[in-house]
Every structure is written in structure tokens, then in C-alpha cells.
Amino acid sequence: MSKKKRKYANRLKNMTSFKVVDFLEAAVAMEAKGHDIVRMEAGEPSFPTAPAIVSAAARALKEEKTHYTPSFGITELREAIAGFYMTRYGLDVAPERVVVTTGSSAALGLICDLFINPGDGLLLTDPGYPCNANFVRRAGGEPQLVPVYADNAYQLTAELVEQYWQSNTIGVMIASPSNPTGEIIDLENQRAINEVVSQRDGVLIMDELYHGLVYDKSETSILEITDDAFVINSFSKYFGMTGWRLGWMIVPEDALVPISVMTQNFYISPPSIAQYAALGAFEDSTIELMEARREEFQRRRDFFVPALRELGFIIPHMPAGAFYVYANIENLADDSEAFCWQMLERAGVAITPGTDFGEYLARQHVRFSYTQPMERLELAVERLANVLDGR
Ligand SMILES: Cc1ncc(COP(=O)(O)O)c(C=O)c1O
């Protein structure tokens, strides 16, 4: 290995690693040694890609649709996504406002690069999706973490936005349903937050990545309130296409040209085969399948949350969506990282410590991802019970 002392750019200094990957890699290494691990650390559905999506991809390969596409994506897909807003929410979204991206990760990064100058701040929830703070740092900005509480479904409120807004704050990023809590923000709260942000001429970035995976509440898009928000979404979660690396955003028209400067330069176009494959996501057979999967996730949640409570995990309310449970472990342990390593090594159950998602009470929380089949969830509960009882 080279001993050369390289000088890496300063922007990397404050970036944090994605801890879930540490647990994922440790779980994979244990599996390679023959251990059976219940994998509840990563946020990806365990289901295979829907048949209509696979067929659309195969067709595209056969037809050699393997070239660059326009940088905002193929017209058919932008139209199909716009049409989805009509069927899902009754919203008229112009296809021109749809920007297809290489995963929503690219969209989140692009939006941060679009608005953040060095020294600018962006309000983020703590806990929240860990990569967001690093997108802000990459743009030279300051992630301004706002502690959120179980009482507010771990979400921001207009009051919190007002309270934490600083002279260098340029906007707010929220997610509903959220990762790691699975909690949602109702329309009234979204409206109130939007008002506070627009009074300050700020930018509102709304991550709707887990839309489609909301269980016993109704689902609303921020676009029902305003066309001025930057809405992020993806084929990864509801459509179960994590590895295809395809997301999208809906943006106000005036932002299209500045965004195109970045998409054209940064990655030219989203992957072509994935885009043609994604056309299959809007076929009736796929939507039917995804709805059945949503029901299955709900069944898993309804089994798993009470079972965890029985084991001593504190879960103040039933998470409304996504496939995560953010559980307080204060009755069981005092350090979530040590706890997660212990559960991996002794129980063969891989989960993620709260420290991946922020700082606020992070050592008192862990995240479970209930994407595994029911029998594996039952096994996880049994194994956790054995280890927790034996301590
Ligand atoms: C809230 C949230 N936003 C964005 C992403 C990025 O997803 P992708 O790049 O696969 O679309 C994730 C992934 O887990 C997430 O949980």
C-alpha cells in the first residue's frame, strides 16, 4: 500500500461516515463466516423488483436504449411521474418541472449545491437522514440541527423553525415520512412551516421519499400547499428499486435552468436502462403489487412494534409510515452503539444506533428496519428476548 501522505480537501474534514454501513459490513462479514444474521440495519425493501419493471428493462436492453438521455431524463418518464401526481394526489404537475436524477441522493446534493453558499445554514431535524448534513457540508454550509421530540412526532413545527432560524439560515429541509422515525407531518403543520419559511424568503426542501408507505393516515404532498417547495422523491422505497439508482424532484420552473447547468456537468444524464425500466413502475400490475407490499409492511409493523415494547423498548407511538422503528433503549442500556454491537454479536440481529441520525438523545435510541419477512422478524424478537433476558 502506498505510504504517500496525500492532502485531501478540507470539505471532507467535517463529513461523517454513514454508520449503518459499518453495521452492514460487519453483518456481511459474520454471514460470510456462516452466522445467520437478521438484517434490520439497512433501509431497503427485501422484495425483488416488480416483474413489469424487469420486463421494461429487458426490452430497453434489447432495443439498445443504452445511450445518454437528456439530463432531466426521458420525456416519457417525466410525463409518467407527472401523471402519477394526478392519480395519487389529484395534482396537476407540469412534466417540465420533473427532474429525474441518479437516486434521490443526487437530487438532495443538487438542491444543496443550488442554494448554499459557504457559511449559509440549513435547518435539519435531529434525528434525521444522516447524509443531508453532509450534503450541506459539501456545499460549504452549516447543518443547523433542530432537536425534535416524540410529542411532535419527531418533526419540525413552525415554532421550532422560528426558534432555530438564525441570521445565516437560508432554509429548511423536512422529510415526511421521516427516516429514522417513520413519522409524518400533517398538512396543517406543513402549511405553517411553509408560511414561516416564505416570510423569511427561505427555501423549503421536502423529502417525500417514503410516500406510498403510509399506513393508517392519509398522505399529502407539500405540492398541495405550494408550488414553491423543492420536492424530492425516489424509485428506491415504495417501488423497491434501490439498486437502480433513480430518483426525481419537482422544482419551481425558474430553477430549471440553474439545475440543468449542474445535471449536465455533474453526471450528464441519469442511467438510461433504469429510466426505461421505471416506466414499468406505473403499470397497473406494479401499483397493485406495491399496494400489496405496503399492506405487508403494515402487517410487519403491527406485529413488530408491540413485540419490541414487550421487550422493554420505548416507542411512544406507532410510526405512521416508512419501514422504521425508532426505539428508546433507556430501560435496556445506556449506549446505543455498544448495544447495537452487542445485539449483532450476541443475538445475530443487525440494527443501527441513533448516533447515525444526529446527536439529540442519540445514545438512547436505535433504529430497526422491518423490511425482513415476518418469520425473520419473529426470529429477531426471539433472539433479542434471549439476550436481554440473560443479561
Ligand atoms: C430520507 C431519505 N432521503 C433520501 C434517501 C436516499 O435514497 P436514494 O438515493 O436511494 O433515492 C434515503 C435513503 O435511505 C432516505 O432515507
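What distance separates the centres of domain 1 and domain 2, taken over C-alpha atoms? The centres of the two domains are 25 Å apart. This is a predicted model, in which local features need pLDDT of at least 70, side-chain atom pairs count only at pLDDT 80 or more, and totals for chains, interfaces and linings use all residues. Residues are numbered from 1 along each chain as its sequence is written, and side-chain values use heavy atoms, with hydrogens and water left out.

**View 1. Domain 1 and domain 2.** The domain assignment gives domain 1 (16-43 + 286-389) and domain 2 (51-282); such bounds come from an automatic or database domain assignment. To the contact between them (heavy atoms within 4.5 Å), domain 1 gives 31 residues and domain 2 gives 41 residues.

**View 2. The largest nonpolar core.** A nonpolar core is a set of buried Ala, Val, Leu, Ile, Met, Phe, Trp, Tyr and Cys residues joined through side-chain atoms within 4.5 Å. Buried means under 20% relative accessible area, exposed over 50%, and partly exposed in between, with a 1.4 Å probe and protein chains only. The largest core has 100 residues, and Met40, Tyr85, Phe235, Phe239, Phe313, Phe339 and Phe368 are those with the most contacts inside it. Helix H12 (residues 374-389) supplies the largest share of this core, eight residues. Helices (H or I, at least four residues) and strands (E, at least two) are DSSP runs, numbered from the N terminus. Both domain 1 and domain 2 give residues to this core, so it lies between them. Another core, of 29 residues, lies apart from it and includes Ala107, Ile111, Phe135 and Val251.

View 3. A cavity is a set of points on a 1 Å grid over the protein atoms alone where a 1.4 Å probe fits but cannot get out; lining residues have an atom within 4 Å of a point. Grid points are joined across faces, edges and corners, and a volume is the space filled by probe spheres set on the points. Phe84, Tyr89, His211, Gly212 and Asn233 are the closest to its centre among the 13 lining residues. Helix H3 (75-89) and strand S7 (230-234) are the elements that give two or more residues to this lining; the largest share, four residues, is from H3.

**View 4. The second largest cavity.** This cavity holds about 60 Å³ of space. Its lining consists of Tyr154, Thr181, Glu183, Ile315, Pro316, His317, Pro319 and Tyr326. Domain 1 and domain 2 each give at least three residues to the lining.

**View 5. Two cis peptide bonds in one loop.** Ser176 and Pro177 are joined by a cis peptide bond with omega of about -10°. A cis peptide bond also joins Asn179 and Pro180, with omega of about 25°. Pro177 lies in the loop between strand S5 (169-175) and helix H7 (187-199), and Pro180 is in the loop between S5 and H7.

View 6. Asp201, in the loop between H7 and strand S6 (203-207), has phi near 55°, a positive value in a residue other than glycine. Asp201 is exposed, at 75% relative accessible area. For Ile268, phi is near 65°, and the residue is partly exposed at 37%.

Methods
On a 1 Å grid over the protein atoms alone, a cavity is a set of points where a 1.4 Å probe fits but cannot get out, and a pocket is an open set with protein on both sides within 12 Å along at least five of seven lines; lining residues have an atom within 4 Å of a point.
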